[in-house]
Amino acid sequence: MHEPTPESMERMWNYAWKFAAKSGTTFHPDREVTEAVITGLAAHVEEFGRPLCPCNFYPNKEEELKQRRWICACDEMQRYKYCHCLLFVGEDGLPITEYLPEGHEGREIYGVVTDPTPDRGRVLGRKETS
Ligand code: SF4
């Protein structure tokens, strides 16, 4: 993966700050974790024009872009408020898993992590249950 420009990094940081505030999440206490994810997202914006999630393997990135499932903020974030990259997490650095379906890998790894700000985020999840 190539190194994104400082301008792209700044745009991605701004996006992430805004989304964290909107969704009621915070950044990981280890800044290197956040920096690595932001770098991956910014590199994808430069390469594909969209912030494709950098924490997955895609057999065909062009096809994945058309599906839109993993464009940040991805469907899992919008539905379950779960960020497997650990970009948008709770203050303890754990991703929120409360809304994940049973058997999801996030539940297996982290157990049940409750949402400290249930009034924010989950735009897609709310629509589906209303
Ligand atoms: S898991 Fe989703 S919300 Fe988290 S960085 Fe990847 S695309 Fe963004």
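Predicted model: local features only at pLDDT ≥ 70, side-chain atom pairs only at ≥ 80, totals over all residues.
A residue counts as buried when 20 or more other C-beta atoms lie within 10 Å of its own, as exposed when 12 or fewer do, and as partly exposed in between, with the C-beta atoms placed from the backbone.

Numbering starts from 1 along each chain, as its sequence is written.

**View 1. The overall fold.** Here we have 6 helices and 0 strands, which are DSSP runs (H or I, at least four residues, for helices; E, at least two, for strands) numbered from the N terminus. Along the sequence that reads α-α-α-α-α-α. The C-alpha atoms fill a box of roughly 35 × 30 × 25 Å along the principal axes. Of the contacts with a separation of 6 or more, 48% join residues 24 or more positions apart; a contact means C-beta atoms, placed from the backbone, within 7 Å.

**View 2. Around the ligand.** The ligand has 14 residues around it, and C53, C72, C74, C83 and C85 come nearest. Being near takes a C-beta atom, placed from the backbone, within 6 Å of the molecule. By class, this shell holds 12 nonpolar, 1 polar and 1 charged residues (nonpolar: Ala, Val, Leu, Ile, Met, Phe, Trp, Tyr, Cys and Pro; charged: Asp, Glu, Lys and Arg; polar: the others, Gly among them).

**View 3. A closer look at A36.** A36 sits in helix α2, residues 31-48. A36 is partly exposed because 17 other C-beta atoms lie within 10 Å. P54 is 18 residues from A36 in sequence, and their C-alpha atoms are 9.2 Å apart.

Terms used: Contact = placed C-beta atoms within 7 Å.
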